[in-house]
Amino acid sequence: MAETVTGPSHGTGLPKGFRSAEHGWPELSRIPHPPHRLPLLGDILGASRRTPLQDSLRYARQLGPIFRRRAFNREFVFVWGAGLAADMADESRFAKHVGLGIANLRPVVGDGLFTAYNHEPNWQLAHDVLAPGFSREAMAAYHPMMLAVADRLMDHWDREAAAGRTVDVPGDMTKLTLETIARTGFGHDFGSFERARPHPFVTAMIGTLTYAQRLNTVPTPFLLRRAARRNQADIAYLNHTVDDLVRARTASGPGDGDLLDRMLETAHPQTGERLSAENVRRQVITFLVAGHETTSGALSFALHYLSRHPDVAERARAEVDRVWGDTAVPGYDQVARLRYVRRVLDEALRLWPTAPAFAREAREDTVLGGVHPMRRGAWALVLTAMLHRDPEVWGADAERFDPDRFDPKAVRTRPAHTFKPFGTGARACIGRQFALHEATLVLGLLLRRYDLRADPAYRLRVAERLTLMPEGLRLRPERRAAGTPVTAPALSGAADDVPSELRCPVHRAAD
Ligand code: HEM
């Protein structure tokens, strides 16, 4: 069994329960690490606090399909070669590891779905209660709400387009995806499109994600004590917002069978057990966070590539025009028929999987790829962003954006487990279909309505905070002459049309 560091976090710099990777790998010395390793400090020369993922991509290219990095007293093993990553996808031998980055989020979301340890009973309970919330039937019910939120984005873009201004793509995509998960999951409206600055929920959320990431790169959290105080305030704010939201639902009675209703009303089909109030709070925060950051990044990267590849944008738009025709409001089934738009999204997620790594641990003593012995509990990070660039799978031009890589024929010729933006196995993303439906729908709507003009001087910069986002990306939308206005029925509307019970009850003074 891998050694477990169980001391309090401020003594060791590690969260309670953290297992340092090195002890589970008896032949660790055979795994390469960056040159110029320093005693005590590790591989910190040339490493950036702001871009650990992009540093890892650089090291991956230098060091090969498996490598390790050391930061102070922590050793991390990274796996990205397609053969080794496929081996780690074997559920009979490996499982999700709640590693350092995720464990750092436990003070916020505890045993919520994303952060639960595999053995915690609340994982299975919440998974079984909430999985039907992502069935085809449930998704079809979310579709009109997704359209209504997209309408609010397009109202905003129409105004900017009319004034000849550029739009803040990641900022607007974050508003869109936050409003979408809030409305579909919890019947809530944060009023993001009516605000000049991000909703304080988003600010607090980014604060906690950034703090969790910074904990990975300091020798002891003592160095972050000021940030820790801010983090406590952020957590309190997240809790407070969610408690208000739950209170409002409890007072008004069940909604229309959304995720919150399931959390509050549904008993486990076999055991009859229900989620506790504390666990509901954790799940609501989990879904609000996991349900929007990653999708917002995926949409932003896809829009970046569309703006840089007019031929791809033309082909995608021709598909939208063909499939949707004159339909003012695309129906649920018309979204999955946008096959090429979906390939654009997949290709953006290949190059920049917005959750760029996930951790796996050995269930029993095993030998990874027949070469690297691992003891039970030993773990490694699967570096998805590099797996998706493995030249043995994706070719020498793996860096090139080419949606045709996801042509069904091309997909069939690739080995299994080579495209993993949503993780793998039992703990893979529960919101995958939700994200793909939402993002494909929104790309279709935007392609149909606008030409997207890029700033020729812009060079893609990728911001990292647990998830990835194109930094500083602005585009100039121009209304297409033939662009058909899409107006969602009933739910459509600007702020004034939003029923007051859906409005955000919580405002910060600074907001
Ligand atoms: C493009 C968008 C998305 C990407 C790239 C993404 C990626 C991922 C990945 C890689 C994991 C597995 C993490 C691990 O193994 O540690 C995961 C888990 C999860 N995702 Fe997503 N996700 C996306 C959208 C969503 C959405 C829209 C929701 C909710 C509506 C969601 C909710 C979750 C939850 C709750 C888990 C934990 C599942 C479990 O452990 O049972 N995600 N996601």
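The lining of the second largest pocket, in this predicted model, comprises 10 nonpolar, 10 polar and 13 charged residues, where Ala, Val, Leu, Ile, Met, Phe, Trp, Tyr, Cys and Pro count as nonpolar, Asp, Glu, Lys and Arg as charged, and the others, Gly among them, as polar. About 770 Å³ of space lies in this pocket, and of the 33 residues that line it, Ile 206, Ala 463, Arg 465, Met 469 and Glu 471 are the closest to its centre. At least two lining residues are supplied by each of α8 (169-186), α9 (200-215), β10 (462-465) and β11 (467-470), helices (H or I, at least four residues) and strands (E, at least two) being DSSP runs numbered from the N terminus. A pocket is here an open set of points, on a 1 Å grid over the protein atoms alone, with protein on both sides within 12 Å along at least five of seven lines, whereas a cavity is a set of points where a 1.4 Å probe fits but cannot get out; lining residues have an atom within 4 Å of a point. Grid points are joined across faces, edges and corners, and a volume is the space filled by probe spheres set on the points.

The structure holds one cavity of 30 Å³ or more, and about 30 Å³ of space lies in the largest cavity. Its lining consists of Ala 85, Met 88, Ala 89, Phe 358, Arg 360, Val 382, His 417, Lys 420 and Thr 424, with α3 (82-88) and β5 as the elements that give two or more residues. By class, this lining divides into five nonpolar, two polar and two charged residues.

The iron atom of the ligand has a single protein donor, the SG atom of Cys 429, at 2.3 Å. Donors are N, O and S atoms within 2.8 Å of the metal (3.2 Å for Na, K and Ca), and water is not among the atoms, so sites may look incomplete. Cys 429 itself lies in the loop between α19 (408-413) and α20 (432-449).

Aromatic pairs number 11 when rings of Phe, Tyr and Trp (its six-membered ring) are paired if their centres lie within 6.5 Å, with planes under 30 degrees apart counted as stacked, over 60 as edge-to-face and the rest as tilted. Phe 301 and Trp 352 form a stacked pair, 5.9 Å centre to centre and with 20 degrees between the planes. This pair links distant parts of the chain, 51 residues apart, with Phe 301 in helix α13 (residues 293-308) and Trp 352 in the loop between α16 (339-351) and β5 (358-362). Both Phe 301 and Trp 352 are buried (under 20% relative accessible area, with exposed over 50% and partly exposed in between, for a 1.4 Å probe and protein chains only). The charged end of Arg 389 sits over the ring of Trp 352, 4.6 Å from its centre, the criterion being NZ of Lys or CZ of Arg within 6 Å of the ring centre and within 35 degrees of the ring normal. Ring pairs also link Phe 134, Tyr 142, Phe 287 and Phe 434 into a cluster.

Positive phi values in residues other than glycine occur at His 36, near 65 degrees, and at Leu 40, near 70 degrees. His 36 counts as exposed because its relative accessibility is 61%, and Leu 40 counts as exposed because its value is 79%.

Residues are numbered from 1 along each chain as its sequence is written. Local features need pLDDT of at least 70 and side-chain atom pairs count only at pLDDT 80 or more, while totals for chains, interfaces and linings use all residues, and side-chain values use heavy atoms, with hydrogens and water left out.
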